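Hi,

Here is the structure I promised to pass on.

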Amino acid sequence: MFGQGNADIKVVANGEAVSIFGNRCLFAGGDGRGASCGTANGSLVEQMKKLSQMGVNFVACRNALKGQSIDEDSLPNFLIVVVI
């Protein structure tokens, strides 16, 4: 079967891929200052949030977050932190 409710989807970020979560502008929605604070970044997190509300799980590796010096408290609440 296909369609919503018929799949278990997890998007996993580990290694250098977690660096996207270190961009505070990304999760603040962007304030227009600096190259990484544009509206495109804000829309990415909104898309991720909408997908999480539809049942997609976003997962990040705790060790990779530590390796990139990313504070878990700065992450969006829909992101699940695990040890891989």
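Helices (H or I, at least four residues) and strands (E, at least two) are DSSP runs, numbered from the N terminus. With that in hand, strand E2, helix H3 (residues 62–67) and strand E3 form a right-handed β-α-β unit.

Some housekeeping: this is a predicted model, in which local features need pLDDT of at least 70 and side-chain atom pairs count only at pLDDT 80 or more, while totals for chains, interfaces and linings use all residues. Residues are numbered from 1 along each chain as its sequence is written, and side-chain values use heavy atoms, with hydrogens and water left out.

How far to trust it? pLDDT is the predictor's confidence in each residue, from 0 to 100. The protein averages 79, and 74% of the residues score at least 70. Helix H3 has the highest confidence, with a mean of 95, and helix H1 (residues 24–28) the lowest, at 55. Residues 30–41 fall below 50, and this stretch has 12 contacts in the model beyond near neighbours in sequence (contact means heavy atoms within 4.5 Å).

On the overall layout, there are 3 helices and 3 strands, and along the sequence they read β-α-α-β-α-β. Of the 84 residues, 26% are buried (buried means under 20% relative accessible area, exposed over 50%, partly exposed in between, with a 1.4 Å probe and protein chains only). If you take contacts between residues at least 6 apart in sequence, 49% of them join residues at least 24 apart.

Now the sheet, where two strands pair if DSSP finds at least two bridges between them. E2 (residues 57–61) runs parallel to E1 (residues 10–13), joined to that strand by 4 bridges; lysine 10 has asparagine 57 as its bridge partner in E2. Another 4 bridges join E2 to E3 (residues 79–82), also in parallel, and here phenylalanine 58 stands opposite leucine 79. E2 is mostly covered, with 4 of its 5 residues buried.

Two other residues to look at. Glutamine 53 sits in helix H2 and is exposed, because its relative accessible area is 61%. Its C-alpha is 8.5 Å from that of phenylalanine 78, 25 residues away in sequence. Serine 69 lies in the loop between H3 and E3 and has a positive phi of about 55 degrees, although it is not a glycine. At 66% relative accessibility, serine 69 is exposed too.

Cheers

How values were computed. Right-handed = clockwise from strand over helix to strand, strands pointing away.
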